[in-house]
Amino acid sequence: MYKILVVDDEEKIRELIGKYAKFEGHEVDYAEDGMQAIEKCRDNKYDIVIMDIMMPNLDGFSACREIRKKSDVPILMLSARGEEYDKINGFELGIDDYVVKPFSPKELMLRVEAILKRAQKPQTEEQPAAEIYKSEGLEVNFTARRVYVDGEEVKLSPKEYDLLFYMIRNRDIALSRETLISKVWGYDFFGGDRTLDTHVKLLRKSLGRYSSYIVTLRGVGYRYSDEA
């Protein structure tokens with residue numbers, strides 16, 4: 001059973017999501033706008049937040065930005081719009097998924113399950129030895145999940161870290177879009193190629209002059225190569 005915070009200014013949407021979540025056996029809490037969402041996340045611990053973008057008092061993007069200062073709780077964004085800008089903005093803030101209204105409540109709960117399965121990390125008693133990759137001024141610490149570009153640490157979203165780590169571990173190999181989506185997002189991911197392309201675009205931006213390490217293979221996918 002998960003504890004879910006549903007944030008939407010429309011009561012019918014809150015009730016609809018809550019109904020399906022409770023049917024699945026989850027505990028549900030509600031907030032009507034971004035300000036309430038921040039307060040709820042400050043006073044409670046949730047397994048996931050399902051939050052609308054367009055809300056009075058404080059929009060979902062602003063609320064997400066504030067929540068991320070204190071918490072890494074998975075966030076699934078809802079929006080009546082499907083513009084690429086909204087998706088990019090959301091992923092830059094560190095959201096885990098994006099669903100466009102109107103949506104299927106059943107699919108929404110499947111997405112919640114998929115996100116929380118990926119978020120679960122095995123607990124180990126022994127501290128693993130640091131695994132570090134270096135190429136010129138790019139340094140990636142897999143163990144600490146930290147990335148440095150010319151000595152400066154760059155902050156990535158959770159999925160950007162996962163994508164970069166997988167590509168580096170499989171460098172110089174042609175990786176199809178299907179492979180990247182299944183390995184990084186999971187076989188039960190409901191998104192598509194646009195989600196992958198958006199993350200690659202953001203990742204290249206973060207890598208700066210090392211963005212060329214991610215090579216586009218037209219009609220296939222991508223390849224990571226640090227060779228000139």
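Is Tyr 210 buried or exposed, and what is its relative accessible area? In this predicted model, Tyr 210 is buried, with a relative accessible area of 1%; buried here means under 20% relative accessible area, exposed means over 50% and partly exposed lies in between, with a 1.4 Å probe and protein chains only. Local features need pLDDT of at least 70 and side-chain atom pairs count only at pLDDT 80 or more, while totals for chains, interfaces and linings use all residues. Residues are numbered from 1 along each chain as its sequence is written, and side-chain values use heavy atoms, with hydrogens and water left out.

A search of the whole structure finds 5 aromatic pairs. In one of them, the ring centres of Tyr 161 and Phe 165 lie 6.0 Å apart and the planes meet at 50°, so the pair is tilted. Rings of Phe, Tyr and Trp (its six-membered ring) pair if their centres lie within 6.5 Å; planes under 30 degrees apart count as stacked, over 60 as edge-to-face and the rest as tilted. Tyr 161 and Phe 165 are 4 residues apart in helix 6 (residues 158-169), and are therefore separated by about one helical turn. Helices (H or I, at least four residues) and strands (E, at least two) are DSSP runs, numbered from the N terminus.

The largest nonpolar core holds 28 residues, of which Leu 138, Val 140, Val 147, Leu 164 and Tyr 224 touch the most other members. Such a core is a set of buried Ala, Val, Leu, Ile, Met, Phe, Trp, Tyr and Cys residues joined through side-chain atoms within 4.5 Å. Elements that each supply at least two residues of this core include strand 7 (138-141), strand 8 (146-149) and strand 12 (221-224). Helix 6 gives the most, with 6 residues. Leaving aside neighbours within four places in sequence, Val 147 is in contact (heavy atoms within 4.5 Å) with residues including Leu 138, Val 140, Tyr 161, Leu 164 and Phe 165. Apart from this core lies another, of 25 residues, among them Val 7, Ala 37, Met 51 and Ile 88.
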